[in-house]
Amino acid sequence: MNDTLLTVAGFSLIFVATTLGAALVFFFKKEVSDSLNAMFLGCAAGIMTAASVWSLLIPAIEGAVNYGAWSFVPAAVGFVSGGFFLVFLDKCVSRFYRGGKVENGLVSDFKKPLKMFLAITIHNIPEGLAVGFAFGAATGGNQAALFSAFGLAFGIAIQNFPEGAAVSLPLKKATGSNLRAFLFGTGSGAVEPVAAILGYFLASALTVAQPWLLSFAAGAMIFVVAEDLIPDAKSKRYPSLGTWGVMVGFAIMMALDVALG
């Protein structure tokens, strides 16, 4: 396989994996039960929390090593900024629908899927950039560097499969439509190949901003986890089911992140 085909395959793979994960929603023909919904929400919260730590915050701190003792600054500032962005999003959506009545009807139903979709989407941007950086750095180099970049894309693709499911499955109940939940899930991964192309052509220029982007994405994800997913991951019949979902989701994503580097 020549360099161009391998690069295109790497860029496509990260999006296809998210789409396949989101497609799991079509295997559930009936309405998701309260207990199953709690499990899905908890699992999504665990996946997003683990991805925030291992895929985003730790690389952000490691990428800011040139700051010396202040290497935590990009991670801390970016993390808090991600939370503020979600607060700003809340205000915008609330004003747009029903004059700011945030907990009634369409507003409440629309806000949560939108926030979750945006949080995962924001998280996918630096991942796409990372793949683009890797392929951009390998261009004109030896074949080993190119295959190493493809290995990174493959690892991120494996992580993207449960992330696509983490978006679409909980949103089945919120949207009332398999197709809409699937579109939210697959749409969250659509930014990755675009970001990868950008990273490919700007491999040297964007590396300075990478720690800030990574931590910003982590802050947005944790905000959604804390405000929406965990509070909603409660089953009246099985109160601990959502908590176990968080534990299982966190363990799965942690294992994938550590094993795939």
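Buried means under 20% relative accessible area, exposed means over 50%, and partly exposed lies in between (1.4 Å probe, protein chains only). By that rule, 48% of the 261 residues of the chain count as buried. This is a predicted model, in which local features need pLDDT of at least 70 and side-chain atom pairs count only at pLDDT 80 or more, while totals for chains, interfaces and linings use all residues. Residues are numbered from 1 along each chain as its sequence is written, and side-chain values use heavy atoms, with hydrogens and water left out.

**Figure 1. The whole chain.** The chain has nine helices and zero strands. Along the sequence the pattern reads α-α-α-α-α-α-α-α-α. Helices (H or I, at least four residues) and strands (E, at least two) are DSSP runs, numbered from the N terminus.

**Figure 2. Helix α2 against helix α8.** Helix α2 spans residues 34-63 and helix α8 spans residues 210-232. They pack at an angle of about 160°, with their axes 8 Å apart. That makes α2 roughly antiparallel to α8. Axes are lines fitted to C-alpha atoms, for helices over the stretch in contact, and angles run from 0 to 180 degrees between N-to-C directions. Angles under 35 degrees count as roughly parallel, over 145 as roughly antiparallel, 65 to 115 as roughly perpendicular and the rest as oblique. The crossing of α2 past α8 is left-handed. A crossing is left-handed if the near helix is turned anticlockwise from the far one by less than a right angle, and right-handed if clockwise. The contact of α2 with α8 has 19 nonpolar, five polar and one charged residues. Here Ala, Val, Leu, Ile, Met, Phe, Trp, Tyr, Cys and Pro count as nonpolar, Asp, Glu, Lys and Arg as charged, and the others, Gly among them, as polar.

**Figure 3. Helix α1 against helix α7.** The axes of helix α1 (residues 3-22) and α7 come within 8 Å and cross at roughly 150°. That makes α1 roughly antiparallel to α7. The crossing of α1 past α7 is right-handed.

**Figure 4. Two sides of helix α7.** Helix α7 covers residues 191-201. Its buried residues include Glu192, Pro193, Ala195, Ala196 and Gly199. They sit on the same side of α7, because they cover an arc of only 160° around the axis. The arc is that of the directions from the helix axis to the C-beta atoms. Val194 and Phe201 are exposed, on the face of α7 turned away from its buried side.

**Figure 5. Aromatic pairs.** The structure holds eight aromatic pairs. In one of them, the rings of Trp70 and Phe72 have centres 5.8 Å apart and planes at 35°, so the pair is tilted. Rings of Phe, Tyr and Trp (its six-membered ring) pair if their centres lie within 6.5 Å; planes under 30 degrees apart count as stacked, over 60 as edge-to-face and the rest as tilted. Trp70 is exposed at 56% relative accessibility. Phe72 is partly exposed at 44%. Elsewhere, Phe11, Phe135, Tyr200 and Phe201 form one aromatic cluster.

**Figure 6. Helix α3 meets helix α8.** Phe85 and Phe216 form a tilted aromatic pair, 5.7 Å centre to centre with 55° between the planes. Phe85 lies in helix α3 (residues 72-96) and Phe216 in helix α8, so the pair ties together parts 131 residues apart in sequence. Phe85 is partly exposed at 29%, and Phe216 is partly exposed at 24%. Val80 is also found in helix α3. The C-alpha atoms of Val80 and Gly219 are separated by 5.9 Å, though the two residues are 139 residues apart along the chain. Val80 counts as partly exposed, at 47% relative accessibility.
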